[in-house]
Amino acid sequence: MSDDFDLLETNSSEKTEKVDVNWGKAIDQMKSKLAQEDDPESRQKILNATLDNVVDMAEKDRSTLLDAIKDLTDYQDEVGIMFEGFSALNAAEQKIIDDAVKRLQRAQIELEDAKNKPDTWWNNLWGRKSKIKKAEDELTAAQKQRDGADNKAKAMFQERIETADVQTLLNELSFKSQAAIKRLKDRELEIKEVEESLKTAIVEASNNHTKALEKKEQVEAQLEEQYALLKQARQALEEVADKQSPEYSEALERVTQLEQKVEELEGLKNAYTTLAASKDSFVHKHNLTIKVLTSLRSNLQTHRAKLKSDTDERLKYYDGYVVALKARTDQEFAAILEHLGVKTDEHIGETLAAMHTASAKARQDMMDNIPVHEKVMQGIYGSYAEALKDIRTKDAELQKNFADRYGIDMKDIFNEYYEADPNAPAYGGEPEGETKPEETDDLLG
């Protein structure tokens, strides 16, 4: 055993990190939201489902997913998870954070460069101090921008998913599941490291316990020896007759030194006894902690394995759901087209039927109007014949007048004029009765 070992001189190099997280509140809120999803009328909804009902159900799915994504995002803040590391940010949202990070890094470098310039009158003349002040102001502004970048990106993210479709929300949920799997894996490794350190601590505590007991035994042996010497010194002190003699003073000093030595050894004995008990206690505490951590790590492994496997399956399940939604939309679209087609057919049928009816009525009107037309034409032909008769009578008078006055016989001239009508009399007059109708092509033949 090394003589320089002393358990009373211990150095602590433990690192503690305080995380202020209201775990209970965050988890209770999420459980409460999930518990509200129970619907006793779900069976009836399935039995009475129509395409319109499915639209409402799908919208409820989207609303539920949206609430879940919001809760998970808020939960990230409550448990101290970096937002950009646990959410699927798009390019614009990620750029908010990246720009803030770059600006902060650039400001830190510029401030360092400004401070690294030698503090000489020449550099100060050329604005060294003002550049440092400007760089410090820029660093403050850059740090402020970086501190608010996560919140700004989160606000943009929340605004984007407000109107996101189901597929986008499912993708976001899948991304969070993948991120959670990595987080669980990292936590398992962290627990494993602590377990190993605790195993080492158990060995060290056990060794220290043994060494403390050994030290205690050594002190007890020294105490026995000092007790014997003290007894002898006290007896020698009593044997000195002259209490004012130098011998008495020397004997008294001897007793005092031995009593002081015994007191120190008693203190060491108590210290090593207490320390041995403490190390023995920590052996049991570390052992219990290892058992708890091992159990937690085992549970994390179970959750991680199930979450990873289920996420892989769930992605396929989500794909099926999204395709089903699209198919429902296509089906409704087809139904709309079919409805429009039927209506169009009806309208065209009505129009064609109206055309046929109108055509038949027009034919009837035409047939009904033939006698009227004939009667009108008969009057026209009668008037024409009457007018022609008057004209020919007048012509006869003119012929006679010309013959009498000029000795010219106008008969040949007028006969030539009337030659087109073989039934016309030589000297005027129209045959009585109806006119001969004109021959027409038979359109029905």
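1. Helices (H or I, at least four residues) and strands (E, at least two) are taken here as DSSP runs, numbered from the N terminus. On that basis the protein has 9 helices and 0 strands, and along the sequence the pattern reads α-α-α-α-α-α-α-α-α.

2. A word on the basis of these notes: the model is predicted, so that local features need pLDDT of at least 70 and side-chain atom pairs count only at pLDDT 80 or more, while totals for chains, interfaces and linings use all residues. Residues are numbered from 1 along each chain as its sequence is written, and side-chain values use heavy atoms, with hydrogens and water left out.

3. Of the 445 residues of the protein, 23% count as buried. The protein exposes about 32400 Å², of which carbon and sulfur atoms supply 54%; accessible areas come from the Shrake-Rupley method with a 1.4 Å probe, and for residues only the protein chains shown count as cover.

4. On contacts (heavy atoms within 4.5 Å), residues 24 or more positions apart account for 83% of the contacts in the protein with a separation of 6 or more.

5. Which residues form patches on the surface? Patches are made of residues with over 30% relative accessible area and no salt bridge, like charges being joined within 9 Å and nonpolar side chains (Val, Leu, Ile, Met, Phe, Trp, Tyr) within 5 Å. V372, V376, M377, I380, Y381 and Y384 make a nonpolar surface patch of about 550 Å². Y384, one of these residues, lies in helix α8 and is classed as exposed because its relative accessible area is 52%.

6. E247 is found in helix α8, which spans residues 246-406, and with a relative accessibility of 49% E247 counts as partly exposed.

7. With a salt bridge defined as a side-chain nitrogen of Lys or Arg within 4 Å of a carboxyl oxygen of Asp or Glu, the count comes to 14 salt bridges. K192, E196 and K199 are linked in a network of such bridges.

8. In helix α4 (residues 91-116), K95 and D99 are separated by about one helical turn, because they are 4 residues apart. Their side chains meet in a salt bridge at 2.7 Å, N to O. K95 is partly exposed, with a relative accessible area of 48%, and D99 is likewise partly exposed, at 30%.

9. In helix α7 (residues 166-239), K216 and E220 lie 4 residues apart, about one turn of the helix, and their side chains form a salt bridge of 2.6 Å, N to O. K216 is buried, with a relative accessible area of 19%, whereas E220 counts as partly exposed at 26% relative accessibility.

10. In helix α8, K306 and D310 are also 4 residues apart, about one turn of the helix, and a salt bridge of 2.5 Å, N to O, joins their side chains. Here K306 counts as exposed at 54% relative accessibility, while D310 is partly exposed, with a relative accessible area of 22%.

11. Leaving aside neighbours within four places in sequence, L258 is in contact with Q226, L229, L230 and A233. L258 and L229 are 29 residues apart in sequence, and their C-alpha atoms are 7.3 Å apart in space.

12. Lastly, D165 has its place in the loop between α6 (128-162) and α7, where D165 counts as partly exposed at 41% relative accessibility. D165 and L66 are 99 residues apart in sequence and 9.4 Å apart in space, C-alpha to C-alpha.

Technical notes. Buried means under 20% relative accessible area, exposed over 50%, partly exposed in between (1.4 Å probe, protein chains only).
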